[in-house]
Amino acid sequence: MGILSPRLEINGKALQANLAQIRKQADGAKVIAVIKANAYGHGALDVCKSLDADIFAVARMSEAMEIRDIDLHKRVIVLQGVHNIDELKLAEKYNLEVVVHHIEQLKMLEKAKLSQPIQAWIKMDTGMHRLGFLEHEFTDAYMRLQAAKCVAQPVHIMSHFACADEIKHPLSLKQIEAFSKLVPEADGDIALANSGAFLNFPQTYADYIRVGLILYGVSPLVEGRPQDFPFQPAMTLKSYLIAVRDHKKGEAVGYGATWKARKNTKLGVVSVGYADGYPRHVPSGTPVLIGNRRVPVVGRVSMDMLSVDLGPDAMEQVGDEVILWGEDLPVEDIALAANTIPYELMTKVTLRVKRLFHT
Ligand SMILES: *Cc1c(COP(=O)(O)O)cnc(C)c1O
């Protein structure tokens, strides 16, 4: 039995199946697996070790260095690029590929003296307006990178979508058009599609697709998880019942006494709360899974616990496993209930939760 505590179980086979499914659908495009933010909570080192994606991508140098602690050879892109000469030297030393999205980064690469050229991905701002060279800056920046001695040739090209999680959003079409107008006859590779674009805009596949969420088996679509979604969730958040109590009609439960029983019932107490990363803001009625039965959360989620209404005829017992999200309880549904997105729930499971990666 061991010690009971919330657990995050990661299904490595599901990740592999999802990667295979992406490749099957990708029209020959290769796959950049986005493993920033500890692989969206799945464990960046485990995911990197067990997956044979063509390239991996992280947000920051600090994340890239953690990957290099365990693997010196897989291709790794740093999506935010390097911001000073120390970072640039480390990127060189550890053979990391850097995104160049800002004039300061470009100037640094022009000035630097490296013993071997570094692989660069230039980022075009086609309408997201967060990072990247604007359309009128792009050609000049691209040519300067082509001329920079410490930049490996050819320079690769990328852009990022703001609204690809919505079917036929006009900004996505505008971004696609801006990109196709400006991209030169380049030898470099092109990477545009994130998970949303992968699902909604097949014309964006290009040389590489750059995906996180669907790799983890989760849908980015604003309307939630489609019926026939072909990807398998890899993450399951579980805990246990630590109490089953008789509860009288009219009685409330939890902080703020926000929910009252409409009839005599049994309440279960689950040892998981917002300090584990379960969202505090879900309303009463949000489902959890016990065995194959869905039962509703009732009252406010506390730091270490939440209550569920098991019903008057409940057979559940202390020690029974409770699934908060996973294979048969989509994290997309819990995110909708919590008025957030699955990305946030998956990345915010806290260190208190034991993580188990099953290869
Ligand atoms: C996070 C990120 C991605 C992956 O997005 P998903 O929606 O998880 O597929 C792709 N590109 C960039 C630049 C990112 O920051």
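A: A residue is called buried when its relative accessible area is under 20%, exposed when it is over 50%, and partly exposed in between, using a 1.4 Å probe and the protein chains only. The model here is predicted, with local features needing pLDDT of at least 70 and side-chain atom pairs pLDDT 80 or more, whereas totals for chains, interfaces and linings use all residues. Residues are numbered from 1 along each chain as its sequence is written, and side-chain values use heavy atoms, leaving out hydrogens and water.

Q: Thanks! Is Asn339 buried, partly exposed or exposed?
A: Asn339 counts as exposed because its relative accessible area is 73%. You will find Asn339 in the loop between helix 10 (331–337) and helix 11 (342–347). Helices (H or I, at least four residues) and strands (E, at least two) are DSSP runs, numbered from the N terminus. The backbone of Asn339 is worth a look too: its phi is positive, about 60 degrees, although it is not a glycine.

Q: Where does Asn38 lie, and what is its phi?
A: Asn38 sits in helix 2. Its phi is near 50 degrees, again a positive value in a residue other than glycine. With a relative accessible area of 35%, Asn38 is partly exposed.

Q: Now the whole chain. How many helices and strands does the protein have?
A: Eleven helices and 18 strands make up its secondary structure. The C-alpha trace spans about 75 × 45 × 35 Å along its principal axes. Of the 359 residues, 53% are buried.

Q: How do I read surface and charge?
A: Start with accessible area, which comes from the Shrake-Rupley method with a 1.4 Å probe; for residues, only the protein chains shown count as cover. The protein has about 17,100 Å² of such surface, and carbon and sulfur atoms hold 51% of that. For charge, Lys and Arg count as positive and Asp and Glu as negative, while His and the chain ends are not counted. Each charge is placed at NZ of Lys, CZ of Arg, CG of Asp or CD of Glu. By that count there are 41 positive and 42 negative side chains, and the centres of the two sets are 4 Å apart.

Q: What do contacts tell me about the fold?
A: A contact means heavy atoms within 4.5 Å. Taking contacts between residues at least 6 apart in sequence, 63% join residues at least 24 apart. The C-alpha atoms of Leu241 and Val322 are 6.8 Å apart, yet 81 residues separate the two along the chain. Beyond its neighbours within four places in sequence, Leu241 is in contact with residues including Val269, Ile290, Val318 and Val322.

Q: Is Leu241 buried or exposed?
A: Leu241 has a relative accessible area of 0%, so it is buried.

Q: Where is Val301 found, and is Val301 buried or exposed?
A: Val301 is in the loop between strand 15 (293–298) and strand 16 (306–309). Its relative accessibility is 2%, so Val301 is buried.

Q: Which residues come nearest the ligand?
A: A residue is near a molecule if one of its heavy atoms lies within 4 Å of it. Around the ligand there are 13 residues, with Lys36, Tyr40, Ser195, Arg210 and Tyr343 coming nearest.

Q: How should I judge polar contacts there?
A: A polar contact is a pair of N or O atoms within 3.5 Å; within protein, one must be able to donate a hydrogen and the other to accept it, and residues adjacent in sequence count only if both atoms are side-chain atoms. A ligand oxygen lies 2.6 Å from a side-chain N or O atom of Lys36. The side chain of Tyr40 also has an N or O atom 2.6 Å from a ligand oxygen. Gly212 uses its backbone instead, with a polar atom 2.9 Å from an oxygen of the ligand. The ligand has 390 Å² of accessible area on its own, and the protein covers 91% of it.

Q: Which peptide bond is cis, with omega near -5 degrees?
A: Look at the bond from Gln153 to Pro154. Pro154 lies in the loop between helix 7 (135–147) and strand 7 (156–159).
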